[in-house]
Every structure is written in C-alpha cells, then in structure tokens.
Amino acid sequence: MQQEAVGCRMSGAAGEPGAPGAITLEELDSMAEEQSPEAADHSSSCSRAEEAEAEAAAAEQERLLSYWQSVGRGHQVDVPRDMAEPIQQLTRNNQHQERESIPFTLVHRKEKFGEVLYEKRQYGKAKWACIKMQEEQYEQSICLGFMKLMKYICEQNSSGLYLGMTVPIVTLVHTTESHAEITPSVTVAYYLPALLQEQPPQPYDPEIIIEEWPPTVVYTRSFRGVTNEDSIMREINFLAELLESPELCLQNIFIVAGYTNPAAANRHNEIWFLQRP
C-alpha cells in the first residue's frame with residue numbers, strides 16, 4: 001500500500017496531498033511567518049501604544065522621585081534613585097486600594113466641649129516589620145526608616161509581592177532621664193496586614209526585623225503637622241497634663257503614629273503613651 005504524506009486537511013478536502021484544500025504542516029509553518037499588512041499595522045499600533053504607555057510611566061516615576069527628593073532635602077535626607085520604583089508603586093497602589101488600619105478596641109474617650117482630648121485603646125498581639133535608626137535628627141531617622149520599609153512593602157521580600165499599606169506607621173521614641181528631649185535612636189515599624197500575620201514575608205534588607213509585639217493599652221491624642229524633636233516633646237507634655245493618672249504609663253518610651261507619609265505637607269499624627277504592663 002502506498003504511504004500518504006502526512007498533512008493537515010482542512011475545508012473537508014480528502015484528496016491527495018497537494019489537492020485543493022489540503023495544507024501540509026510545512027505550508028502552515030510558512031504561512032505563520034508571512035504576516036498580512038493588516039496584522040502588521042495592528043502590531044505597529046500596539047507597539048506605539050506600548051511605547052507611549054512606557055514613556056508616560058517613566059515620566060510619572062521621574063516626577064514622583066523629583067517630588068520626594070525635593071521634600072527630602074527639606075528634611076536633610078537624600079532620596080536615592082533606587083527609590084523611584086517603590087515610590088511609584090506605593091503611590092499607585094494607594095490610589096486603588098484602601099489602606100488597612102491597625103485594629104483596636106476603644107476603651108474610653110475623653111472629650112471636652114465636643115473636642116476629643118484623648119482616647120484609651122486596646123491593641124492586640126501582632127507582628128511588625130521594624131528597623132532601628134539613629135540619624136542626627138528625628139526627621140532624618142523616620143524618613144530613611146520609612147524608605148527602607150517601603151522597599152520591603154514593594155516586593156523586596158521573600159514573597160516577591162506588594163504587601164499592602166497599613167496605617168499608622170509608628171515610631172518608638174525614647175526620652176532622656178530628665179524627660180527634656182528625645183534620644184537620637186528610634187525604631188520605625190510597619191504593621192503586617194492581617195492576611196500576612198501568620199507567615200510574614202521575610203525582608204531582603206537584614207536591618208529590617210520581624211517582631212511580635214504583645215497586647216498593649218495606649219492613651220493617644222491626635223495632632224497635625226511636621227514631627228520633630230520640638231513638636232514631639234510638646235505633644236508628650238500636653239498629653240501628660242491631660243491624663244488623670246499619667247504615672248500608670250511608661251515614662252521614657254512613647255510612640256509617634258503617622259497616618260500620612262513623611263512627604264506630606266500637613267500630616268495626621270498621634271502621640272501614644274504606653275500603659276505599664
């Protein structure tokens with residue numbers, strides 16, 4: 001029996017190879033290599049659109065980096081070029097995703113003439129990504145610490161994924177023995193989102209440590225504006241005057257909670273007093 005050439009027969013043709021309607025695999029390959037003018041035009045249009053999108057993304061990235069560098073100079077902080085991608089990613093995700101708030105239980109709220117003087121809250125046990133910083137000025141420490149945490153949040157972690165922004169970012173500060181000023185050493189910390197609490201992605205940066213903090217009761221008061229040595233000490237003293245029993249709180253460790261990033265002009269902040277265990 002004569003062996004037929006192997007072919008892919010279309011349009012219902014069943015004749016010999018080479019008959020109308022019979023297409024061999026070799027012919028199919030050659031057809032794929034020949035692109036029609038319409039397909040070429042479509043491919044060219046897609047290519048131009050992709051190039052335009054890439055140029056727009058690069059311009060946006062450069063604009064955001066330039067803005068952060070300008071703000072950084074005001075805090076005597078150098079924002080390096082390798083921050084461009086994390087800044088852009090965090091900005092984009094914050095536009096499309098709600099930021100996850102750290103959960104707490106409101107225990108008590110002290111008000112006067114409709115103004116909230118302070119709140120007493122219960123925070124549960126939780127895991128945080130923490131980094132210790134010690135720059136000459138407090139603003140330098142929190143800006144540099146936040147940038148390092150941004151890289152961890154924006155894919156520089158063992159999962160390779162964007163982790164999601166949580167608020168507030170907190171900074172642990174210590175005062176001197178005389179309680180007259182804060183010390184240079186601070187810890188900047190990022191609360192791991194609820195879905196990552198059980199198995200937090202590990203940071204690539206060895207300076208970032210995952211810590212589990214115990215349940216904590218805090219007394220907190222809101223304030224707006226920049227956070228520096230003077231404003232923090234002012235808020236500490238103000239809250240101490242408002243509390244009925246300030247001696248129940250730790251006297252040399254406080255938390256500054258930031259709800260807006262350090263590049264924001266008018267920040268929403270809180271000062272936290274930690275109740276003694």
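**Rings and cysteines in a predicted model**

Trainee: How many disulfides does the structure hold?
Mentor: This is a predicted model, where local features need pLDDT of at least 70, side-chain atom pairs count only at pLDDT 80 or more, and totals for chains, interfaces and linings use all residues. Residues are numbered from 1 along each chain as its sequence is written, and side-chain values use heavy atoms, with hydrogens and water left out. A disulfide is a pair of cysteine sulfur atoms within 2.5 Å. The number of disulfides in the structure is zero.

Trainee: Is Cys 130 buried or exposed?
Mentor: Buried means under 20% relative accessible area, exposed over 50%, and partly exposed in between, with a 1.4 Å probe and protein chains only. Cys 130 has a relative accessible area of 4%, so Cys 130 is buried.

Trainee: How many aromatic pairs are there?
Mentor: Rings of Phe, Tyr and Trp (its six-membered ring) pair if their centres lie within 6.5 Å. By this rule, the count is seven.

Trainee: Are the rings of Trp 128 and Tyr 191 stacked or edge-to-face?
Mentor: Planes under 30 degrees apart count as stacked, over 60 as edge-to-face, and the rest as tilted. The centres of Trp 128 and Tyr 191 are 5.5 Å apart and their planes stand at 75°, so the pair is edge-to-face.

Trainee: Which strand holds Tyr 191?
Mentor: Strands (E, at least two residues) are DSSP runs, numbered from the N terminus. Trp 128 is in strand β6 (residues 126-133), 63 residues from Tyr 191. Tyr 191 lies in strand β9 (residues 186-191).

Conventions. Helices (H or I, at least four residues) and strands (E, at least two) are DSSP runs, numbered from the N terminus.
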